[in-house]
Amino acid sequence: MGSSDVSWKLADHPKLPKDKILAMIVLDGWGEANPDKYNCIHVAETPVMDSFKQGAPDRWRLIRAHGTAVGLPSEDDMGNSEVGHNALGAGRIFAQGAKLVDLALASGKIFEGEGFNYIKESFGTGTLHLIGLLSDGGVHSRLDQLQLLLKGASDHGAKKIRVHILTDGRDVLDGSSVGFVETLEKDLELLRSKGVDAQIASGGGRMYVTMDRYENDWEVVKRGWDAQVLGEAPYKFKSALEAVKKLRMETKANDQYLPPFVIVDDNGKAVGPIVDGDAVVTFNFRADRMVMLAKALEYENFDKFDRVRYPKIRYAGMLEYDGELKLPSHYLVSPPEIDRTSGEYLVHNGVKTFACSETVKFGHVTFFWNGNRSGYFNSEMEEYVEISSDSGISFNVKPKMKALEIAEKARDAILSRKFHQVRVNLPNSDMVGHTGDIEATVVACKAADEAVKMIIDAIEQVGGIFVVTADHGNAEDMVKRDKKGQPLLDKNGNIQILTSHTLQPVPIAIGGPGLAPGVRFRKDVPDGGLANVAATVINLHGLEAPADYEPTLIEVADD
C-alpha cells in the first residue's frame with residue numbers, strides 16, 4: 001500500500017466541492033493538428049469533441065504529450081501510451097525507458113550492474129543472444145542503443161554474439177528495414193574483424209513475430225520462439241539482407257508482417273539457435289510487447305504453446321517489463337521509481353474509483369496509470385473492468401472496436417453512483433491509426449466521439465464533472481511530411497502513410513454541471529503537459545494536490 005512514512009491525507013480544496021462524480025476520459029492517439037484531409041479527427045464527424053473546442057475558451061486547451069514533458073530524452077521523441085499514462089497518473093515527470101537506458105549506456109553503468117554481471121557469466125562458454133526491434137523509431141527500441149550494447153558486450157568479454165532482429169515499419173517508414181540491416185551488418189563485420197563471432201541469426205516482422213502484447217495472440221510469440229530458440233522457420237537464407245529484400249518482394253509482406261526466417265550456414269544449419277548455457281537479452285526498452293516473450297524465456301511452468309525445448313539460459317531484459325510480476329527477474333537498467341501516484345492518493349482520501357478499457361489499453365488505464373503497478377491499491381475502493389478486444393483481425397476491419405461497450409460500462413458505473421471517479425481509455429484513434437487505413441481511422445474517431453457523448457450524458461444526469469484528454473497524437477496526421485509540412489510522396493507518386501504517433505499536443509477539456517462556477521484553465525502554465533493533469537483532477541475531486549506534483553491547470557475565479 002505504498003510507504004508508511006508518507007502522509008496520505010490531502011487537504012480539502014478551499015474553493016472546490018468534494019464528492020462530485022468525475023469522468024476521466026482518455027482518447028488514445030488523439031492529437032491536435034492543422035485541419036486537412038489527412039487529419040482523420042478533422043474529417044470525422046466528432047460533434048462532442050468539436051463542441052468542447054468551440055465552447056468556453058477557458059475550459060479547453062492544449063497540453064504537451066511528447067519529449068521531455070513525458071520524461072523522454074528530446075523534443076524529437078514522440079509520446080507513447082505507456083509514458084503518457086505514467087505522466088497522467090503520477091502527476092510528475094520521471095525519466096523514462098529510452099532516457100534511462102541512454103543514461104546507463106552513456107555512463108557505462110549498464111555494464112557494471114547486477115543484470116549485466118549476471119548474463120556475463122555465460123560469455124566464457126556460451127553465446128550472447130540479443131532479441132529486439134531493429135529500428136530508430138524510439139518507441140520500443142533504438143538502433144544506437146543496440147550498437148552501444150554490442151560494443152560494450154564485446155568489450156566486456158562476449159566472444160560469440162547472435163542478433164535476432166524484428167523489423168519495424170510501424171514507428172518508422174515501411175521498407176526502412178533494409179537500411180537498418182545494412183547498418184547492423186557493418187557493425188557485426190567490424191566485430192568479426194576484432195575476433196568476435198558476431199552475426200544475425202533470425203528475423204521477422206514485429207506484428208507477426210514475437211511482439212504481440214496483452215496475450216492477444218500467442219502464435220506470434222511462438223513463431224519467434226521457433227526461429228530464435230529452435231532455429232526453425234519456413235524461410236532460410238544465408239544473409240539477413242537477402243532475407244528482408246526477398247521476403248518483401250516475394251511474399252508482398254510489409255516490414256511489420258515479414259514472415260519468420262533463420263540464417264543458415266553452407267550446410268543449411270541454423271547459425272544461432274538458443275541453447276543451454278547461453279545468455280539472452282531482449283533489448284527493447286518499452287515493456288508491453290516484450291512481456292510475453294519474457295514469460296516464455298523465464299517461466300519453467302509455461303503452457304501457452306509447446307516450446308519443444310526450454311534451454312537453461314541467463315536471461316535479462318533491457319528493463320524490468322512488469323514491476324508487479326517482477327518480470328524479467330534480471331534486467332540491465334532499473335526502472336523509474338514511480339511512487340505516490342494520484343490513484344493511490346485518491347483511494348487514501350476516500351475517492352472510489354472505477355477504471356475500464358478493452359484489452360489493448362486496459363493496462364494503460366490501470367497498470368501504467370498506477371506507476372507500473374498491477375492490481376488494486378484497495379480492492380474495496382476500486383473496480384477495474386477489462387473488455388476483450390477483437391483478436392485475429394487487424395483493427396481497421398472493425399474500427400469501432402469496443403468503444404460502445406466501454407462507454408456503456410462507464411455510463412452504468414456513473415449512474416450507479418457507487419464511484420467518485422470513472423476512468424476510461426478509448427483506444428480507437430490510436431489502434432486504427434496504426435494500421436494506416438485513413439477511411440477506417442475516420443470511422444474510429446467518430447466511434448470514440450460517440451462514446452464520449454454517452455459518458456458525458458451520464459455525467460449530466462448525476463450533476464458530475466468531466467475531464468477529456470488524450471495520451472499522445474496519432475489520428476490527427478496520417479501522412480509523412482517534408483520540412484514545409486507538405487505530404488511526402490513515394491517514387492510512384494503516392495502519399496507516404498504515417499502509421500506512428502506524432503509530436504502534436506493533445507486537447508484537454510473540462511465541464512459538466514458539477515463544475516463549480518469560476519473554474520477555468522490558468523493562463524500561467526503555457527507549457528503544461530500530461531503530468532499537470534493529475535493535480536487538476538485531484539482539485540476537481542475537491543482536494544489539494546501534493547506539493548511536489550506538477551502544478552494544476554485550473555484556477556477558481558472570484559468573479
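This is a predicted model: local features need pLDDT of at least 70, side-chain atom pairs count only at pLDDT 80 or more; totals for chains, interfaces and linings use all residues.

Colleague: What is the strand order of the open sheet?

Modeller: The order is S2-S15-S14-S1-S13-S11-S12. That is seven strands, with mixed pairing. From one strand to the next, the twist averages 15°.

Colleague: What makes S2 and S12 stand at the edges?

Modeller: Strand S2 (60-63) and strand S12 (382-387) each have a single partner strand, so one side of each is left without a neighbour in the sheet.

Colleague: How do you know that S1 and S13 pair?

Modeller: Pairing needs at least two bridges. Strand S1 (residues 22-27) and strand S13 (residues 421-426) have six, in the parallel sense. Therefore they count as paired. As one example, Val26 stands opposite Asn425 in S13.

Colleague: Which helix packs on the sheet there?

Modeller: Helix H16 (residues 533-540) does. H16 touches S1, S2, S13, strand S14 (465-470) and strand S15 (506-511). The direction of H16 makes about 160° with that of S1.

Colleague: What joins S15 to S2, and in which sense do they run?

Modeller: Four bridges join S2 to S15, and the two run antiparallel. Ile63 has Val506 in S15 as its bridge partner.

Colleague: How many bridges pair S14 with S15?

Modeller: Three, again antiparallel. Here Phe466 has Gly511 in S15 as its bridge partner.

Colleague: Why is S15 called mostly covered?

Modeller: Six of its six residues are buried. Buried means under 20% relative accessible area. Val506, Ile508 and Ile510 point one way from S15, while Pro507, Ala509 and Gly511 point the other way. In a regular strand the side chains alternate between the two faces of the sheet.

Colleague: Which residues meet between H13 and H15?

Modeller: On H13 they include Leu404, Ala407 and Ile414. On H15 they include Ala451, Met454 and Ile455. By class, this contact has 13 nonpolar, one polar and two charged residues.

Colleague: How do you know that Cys40 is in no disulfide?

Modeller: A disulfide needs two cysteine sulfur atoms within 2.5 Å. For Cys40, the nearest cysteine sulfur is that of Cys445, 5.8 Å away. Therefore Cys40 is in no disulfide. For Cys356, the nearest cysteine sulfur is also that of Cys445, at 20 Å, and Cys356 is in no disulfide. The count comes to zero disulfides.

Colleague: Are Cys40 and Cys356 buried or exposed?

Modeller: Cys40 is at 0% relative accessibility, so it counts as buried. Cys356 also has 0%, and is buried.

Colleague: What is the phi of Lys252, and why is Lys252 called exposed?

Modeller: Phi is near 60°, a positive value in a residue other than glycine. Lys252 is found in the loop between helix H9 (240-250) and strand S7 (261-263). Exposed means over 50%, and Lys252 has 69%, so the label holds.

Colleague: What about Met401: where does it lie, and is it buried or exposed?

Modeller: Met401 lies in the loop between S12 and H13. Its phi is near 45°, a positive value in a residue other than glycine. At 7% relative accessibility, Met401 is under the 20% cut-off, so it counts as buried.

Conventions:
Residues are numbered from 1 along each chain as its sequence is written. Side-chain values use heavy atoms; hydrogens and water are left out. Contact means heavy atoms within 4.5 Å. Ala, Val, Leu, Ile, Met, Phe, Trp, Tyr, Cys and Pro count as nonpolar, Asp, Glu, Lys and Arg as charged, and the others, Gly among them, as polar. Axes are lines fitted to C-alpha atoms, for helices over the stretch in contact, and angles run from 0 to 180 degrees between N-to-C directions. Buried means under 20% relative accessible area, exposed over 50%, partly exposed in between (1.4 Å probe, protein chains only).
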